[in-house]
Amino acid sequence: MSESSPGDWRVDWVRSRDIPTIVNRIQAIREGTLSGKNTGGSAPDPDGAMQLLGAFARHRETLLGLQSEGFSPLDATAVLSLAALTRPVTEAAQLAIEQWAVESRRSGAPSLMTDSIVHDVTAQRIVPEVAKFIVECRLEGQAALVTKALNAFVVMSSGRTNFDKAQLYISLRAAGCTDEAHEVLRLTLLQAGAETSAPSIAGSADQVGIVAALHHLSPAETLVEDWIDQRMHVGRQERDTIALVASLLIGERDGDRQLASHVGGNWKPHQLIDLCKNLARRAQGRSSGRTSLGPPGPPLPAGDHLAGRARECLVLVRGYAAARADTDLPEIIRLWHQSSELEGTLTDLLTDIVAGGSDSSRPRSAEFLDALQETLRHRGEVPPRCCRELNAAAAVLVNGRETGEQVAEFLGRVSRGDLTHAAQAVNRQLTAPLLNTETGDGCEAAVERFVGYICGLQALPRASTLTFWALRTLSDPAAPARAPTGWVVADIAARVYTEASPDAGFDLLERCLENEQLLSEEDAANIVARVRLGAMHGDKRWYPLLGATVGRWADTRRRERVVRELRRQSFDTDAEAIIHSFQ
């Protein structure tokens with residue numbers, strides 16, 4: 001019971017009067033026949049009546065039997081609500097216990113007053129006080145009240161956030177109420193799963209999920225993950241738990257990565273595939289039935305948040321599954337291939353495996369892929385194309401390879417049917433840093449890698465064809481890119497000439513120099529300047545090459561400007577080779 005406030009006549013008055021007198025006084029103040037303090041007539045004073053009710057709620061020793069003593073149901077509810085929120089929380093707990101003792105004896109009658117107290121405490125008091133309320137009820141052996149409080153706190157209409165619920169879990173566990181803490185977690189997770197819907201996702205993008213909230217409060221523990229694992233081991237709950245995890249992933253905006261990492265990296269292959277199938281169905285806007293996630297269709301409708309989140313989560317889980325050891329991967333690949341829901345995404349899985357999975361900075365080694373393919377060959381349920389697609393995926397994964405020679409080595413593992421497509425993908429990636437750039441540290445590294453790649457190609461069975469494709473990608477880049485600068489082209493050609501193939505070096509120069517639409521006069525002069533620094537300039541093919549390319553440019557003014565620039569730099573013999581060709 002609260003302490004009295006000095007000078008407040010209401011405190012002593014509500015303590016000393018019987019309830020019928022108080023009820024009549026409140027009604028009189030409302031109707032205006034009495035003032036809030038004097039006995040003379042006055043205007044109606046509803047605020048004064050509310051203040052008197054508040055004093056009664058805070059300072060009356062006992063609040064039982066209010067309705068039987070004359071309080072209206074609304075006033076009785078208001079008094080109990082004010083008492084539950086303004087008195088010390090231990091008194092609020094005792095008030096609930098006393099009210100429950102009265103109402104629970106009425107067979108079949110609703111416990112409206114008790115429920116009102118529990119609702120107000122769980123919805124409006126701070127989390128540590130809610131925990132103290134529950135602890136007090138537990139100590140008094142009031143299991144039914146504890147259950148009421150836990151359900152009232154977790155239910156969506158309470159207005160409590162997932163962060164509130166995570167705090168209550170931590171507080172109850174610290175107070176020794178382990179069972180109650182686990183019940184909070186169970187109810188919260190089930191509630192979070194039930195709330196996963198398109199409208200709620202659209203309106204809760206900024207809300208923290210329970211996984212993220214608990215991870216923030218206790219980053220060293222895997223509280224949700226451990227609860228899920230325990231539930232997976234309970235008979236006949238595996239399917240429901242998998243569906244729950246799918247819902248949690250979709251609903252979590254900040255905790256999806258932690259949860260995806262756990263299930264993707266630790267669940268048994270069949271459990272993992274069932275989760276991915278569930279997500280695949282939701283990505284198609286279905287809860288069950290066959291679906292396909294093959295070639296991407298048109299963009300998702302603007303309001304289809306649920307399907308979009310499901311697709312994101314499927315990719316996330318797949319990435320963590322792909323990071324597993326080779327002992328798990330063959331079974332995952334087998335089950336993935338056999339799933340109709342995951343049809344069309346096997347290549348995506350294999351690509352993730354080659355990349356090393358989510359959070360990996362380095363792709364898988366050749367030794368790892370060899371061991372995996374050897375295991376796959378001994379599994380009759382896995383189609384032979386899996387090994388071919390692994391090799392193709394490994395070849396086009398250029399980022400992470402240390403040298404160009406390594407890139408060429410992986411390309412050499414690709415089957416003949418996949419070679420053209422793989423080589424084109426590799427060539428585009430290796431030439432991209434060489435386009436629209438000047439010499440510098442970044443460009444030098446790109447040149448080093450491309451030259452190493454050309455050198456590595458010389459050891460492959462189709463070396464000449466592969467080399468031709470690579471040099472063509474550099475000299476004739478697809479729009480909207482333009483050709484690399486003349487110095488870069490000449491530097492690569494000179495190094496290819498000396499380190500890989502003299503013919504390939506000249507072939508690159510010929511393709512670039514004859515393309516007058518993409519090559520500027522400055523670029524042409526820079527090519528000559530770079531060639532003069534190396535062995536190519538002494539090759540008997542050099543001067544005829546200049547005459548057959550620059551010497552035959554259709555734009556005579558541009559051609560003459562190249563000649564003037566060469567003479568300015570004292571490259572007279574090179575200028576004469578161009579002049580001789582058009583005289």
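How many residues apart in helix H24 are Phe 450 and Tyr 453? In this predicted model, local features require pLDDT of at least 70 and side-chain atom pairs count only at pLDDT 80 or more, whereas totals for chains, interfaces and linings use all residues. Residues are numbered from 1 along each chain as its sequence is written, and side-chain values use heavy atoms, with hydrogens and water left out.

The chain contains 31 helices and 0 strands, these being DSSP runs numbered from the N terminus (helices H or I, at least four residues; strands E, at least two). Of its 583 residues, 49% count as buried, where buried denotes under 20% relative accessible area, exposed over 50% and partly exposed in between (1.4 Å probe, protein chains only).

A search of the whole structure returned 2 aromatic pairs, defined by ring centres of Phe, Tyr or Trp (its six-membered ring) within 6.5 Å, with planes under 30 degrees apart counted as stacked, over 60 as edge-to-face and the rest as tilted. The pair of Phe 450 and Tyr 453 is tilted, at 6.4 Å centre to centre and 50° between the planes; the two residues lie 3 residues apart in helix H24 (residues 441-457), and are therefore separated by about one helical turn. Phe 450 is buried at 0% relative accessibility, and Tyr 453 is likewise buried at 0%. Tyr 497 and Phe 506 form an edge-to-face pair, with 5.7 Å between centres and 75° between planes; Tyr 497 is buried with a relative accessible area of 13%, and Phe 506 is buried at 6%.
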